[in-house]
Amino acid sequence: MNRIIAARFSEALERSGLSRYALAKKTGLTAPALKKWAEGRVINPGFSTVLTISSALDVPPLWLMGIDVPFTLPEIRNDQQKVGLALSAELLSENVPDII
């Protein structure tokens, strides 16, 4: 699991264009703490730390922790909109009488 977290942290960091030092400044975390993330030496990270890093890197916290969800937030928003539209259409079809 730690290798997955390290790989995803490194991928997100690379995509963000930030250095570890810049991420440390942006998040208020220490450079040594972020080095542990990059090396996969994170053991049971706190939820607030996961949220802080994922927010700074613009990735979903679950994705960062190794769970397969869409990588980018726009993809998540699109998925939520699709689900919302499908549910709305289903509810409308059930509750609107047929018009002849």
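The structure here is a predicted model, so local features need pLDDT of at least 70 and side-chain atom pairs count only at pLDDT 80 or more, while totals for chains, interfaces and linings use all residues. Residues are numbered from 1 along each chain as its sequence is written, and side-chain values use heavy atoms, leaving out hydrogens and water.

Take α1 and α3 to begin with. Helix α1 covers residues 2-16 and helix α3 residues 31-39; their axes come within 6 Å and cross at roughly 115° (axes are lines fitted to C-alpha atoms over the stretch in contact, with angles from 0 to 180 degrees between N-to-C directions; helices are DSSP runs of H or I, at least four residues, numbered from the N terminus). The two helices are therefore roughly perpendicular. On the α1 side, I5, A6, F9 and S10 make the contact, meeting L34, W37, A38 and E39 of α3 (contact means heavy atoms within 4.5 Å).

F9 and W37 form a tilted aromatic pair, 5.9 Å centre to centre with 45° between the planes (ring centres of Phe, Tyr and Trp, its six-membered ring, within 6.5 Å; planes under 30 degrees apart are stacked, over 60 edge-to-face, the rest tilted). Since F9 sits in α1 and W37 in α3, the pair ties together parts 28 residues apart in sequence. F9 is buried at 0% relative accessibility, and W37 is buried too, at 4% (buried means under 20% relative accessible area, exposed over 50%, partly exposed in between, with a 1.4 Å probe and protein chains only).

Conventions. Angles under 35 degrees count as roughly parallel, over 145 as roughly antiparallel, 65 to 115 as roughly perpendicular and the rest as oblique.
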